[in-house]
Amino acid sequence: MAAPTTIIIDGVTLTLTVERKRVRNINARLRGTQLFISAPLHAAQKHLDTAIPDLARRLIRRVHAREVNVQEDALALARAVAQRFPTPPQVEQVQFVTTQEARWGSYSSATRTIRLHAALRLMPTWVLKAVLAHELAHVFHLNHSSEFQQLLRRVYPDTDRADMFLAGVSWVAQQWERLPPVERHLLARAASYGEE
C-alpha cells in the first residue's frame, strides 16, 4: 500500500490511499475526506493518474448532491411558482444536481421532476424562483419564442434581473482563476449592490 498523499478535486482536499490488489478494475471508496483506491497489480501509473481524479470527482459530486437535496423547501417553492401559471404544471420532485453543467435547470414532463444546478441552492430565492419559472414555462413552449418570453415575464416579472444575476455569476466563475489576487479579495469582500 502506498503512503497517503493529498489531492484536490473540485476544491475539496482529499487524503488519497492507493492499494494495488488482485482486482480487475480500479475501485474507489470515499469516507469523509479520505479516498481509498484499489487498483489492479499491473495497472499503468499513467492510467491511474487519469482515472483517480475522475472517480474522485464522481464520488464527491454524488455526496454533495445528496447533501443539497436533504432540504425539502425547493419542492414547496417550485409548487408555489407553478401556481402562478394559468394552468399550473405538476411538480413531483425537485433535485439539485452536480451533473448539470451547461444549464441552470431542466424539467421532465414524464417524471414531473425539475433538476437544478447545485449552485442555485445557495443563491437568492428570487433567482431560484426565476429559474423554476423558466423551466416550467417550457411545459407550454419548448423553445424561447416571444410567446415563451411573454408567459415567463407574466408569471415571474423579475426574470430579466435574475438573468443578469446569473450572467454575472457565470462570468465571475469563468474568470476567477485569471483574476489577480487583489481583485479576487475585493470581489469576495465587496458590499452587495441592491441585495435583498
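**View A. Helices α2 and α3 pack at about 60°, with their axes 9 Å apart.** Everything shown here comes from a predicted model, in which local features need pLDDT of at least 70 and side-chain atom pairs count only at pLDDT 80 or more, while totals for chains, interfaces and linings use all residues. Residues are numbered from 1 along each chain as its sequence is written, and side-chain values use heavy atoms, with hydrogens and water left out. Helices (H or I, at least four residues) and strands (E, at least two) are DSSP runs numbered from the N terminus. Axes are lines fitted to C-alpha atoms, for helices over the stretch in contact, and angles run from 0 to 180 degrees between N-to-C directions. The angle makes α2 and α3 oblique to each other, since angles under 35 degrees count as roughly parallel, over 145 as roughly antiparallel, 65 to 115 as roughly perpendicular and the rest as oblique. α2 goes past α3 in a right-handed crossing (near helix turned clockwise from the far one by less than a right angle; left-handed if anticlockwise). On the α2 side, look for Leu77, Ala78, Val81 and Ala82; α3 answers with Thr125, Leu128, Lys129, Leu132, Ala133 and Leu136. Contact means heavy atoms within 4.5 Å.

**View B. α3 also packs against α5, at about 105° and with the axes 9 Å apart.** That puts α3 roughly perpendicular to α5. From α3, the contact uses Trp126, Val127, Ala130 and Val131, and from α5 it uses Thr159, Arg161, Ala162, Phe165 and Leu166.

**View C. β5, β7 and β6 make an open, mixed sheet of three strands, in that order.** Here β5 (93-97) and β6 (105-108) are the edge strands, each with a single partner, so one side of each has no neighbour in the sheet. Neighbouring strands are turned by 15° against each other on average, direction ignored. Strands pair if DSSP finds at least two bridges between them. β5 and β7 (residues 113-117) run parallel and are joined by five bridges, and Val97 has His117 as its bridge partner in β7. Helix α2 (residues 73-82) packs on this sheet, touching β5 and β7, with its direction at about 120° to that of β5. β6 and β7 pair in the antiparallel sense over four bridges, and Gly105 has Leu116 as its bridge partner in β7. The β6 and β7 hairpin has four residues between its strands, and Arg112 takes a positive phi near 55° there.

**View D. The largest nonpolar core has 31 residues.** A nonpolar core is a set of buried Ala, Val, Leu, Ile, Met, Phe, Trp, Tyr and Cys residues joined through side-chain atoms within 4.5 Å, where buried means under 20% relative accessible area, exposed over 50% and partly exposed in between (1.4 Å probe, protein chains only). The members that touch the most others are Val91, Val94, Ile114, Leu116, Leu120, Leu132 and Leu136. At least two core residues come from each of α2, β5, β7, α3 (125-137), α4 (146-155) and α5 (159-175). The largest share, nine residues, is supplied by α3. Zoom in on Leu116: neighbours within four places in sequence aside, Leu116 is in contact with Val94, Gln95, Phe96, Val97, Trp104, Gly105, Leu128, Val131 and Leu132. There is a second, separate core of 16 residues, with Val18, Ile37, Ala39 and Ala51 among them.

**View E. His134 sits in helix α3.** His134 is partly exposed, at 21% relative accessible area. Sequence neighbours within four places aside, His134 is in contact with His144, Phe148 and Leu152. The C-alpha atoms of His134 and Ser106 are separated by 8.9 Å, although these residues are 28 apart along the chain.

**View F. A four-stranded open sheet runs β1-β2-β4-β3, with mixed pairing.** The edges belong to β1 (5-9) and β3 (27-31), which have a single partner strand each, so one side of each lacks a neighbour in the sheet. From one strand to the next, the twist averages 30°. β1 and β2 (residues 12-21) run antiparallel, joined by five bridges, with Thr6 opposite Thr15 in β2.

**View G. Ser38 lies in strand β4 (residues 34-40).** Is Ser38 buried or exposed? Ser38 counts as buried, at 8% relative accessibility. Apart from neighbours within four places in sequence, the contacts of Ser38 are Glu19, Lys21, Val23, Asn25, Ile26, Asn27 and Arg29.
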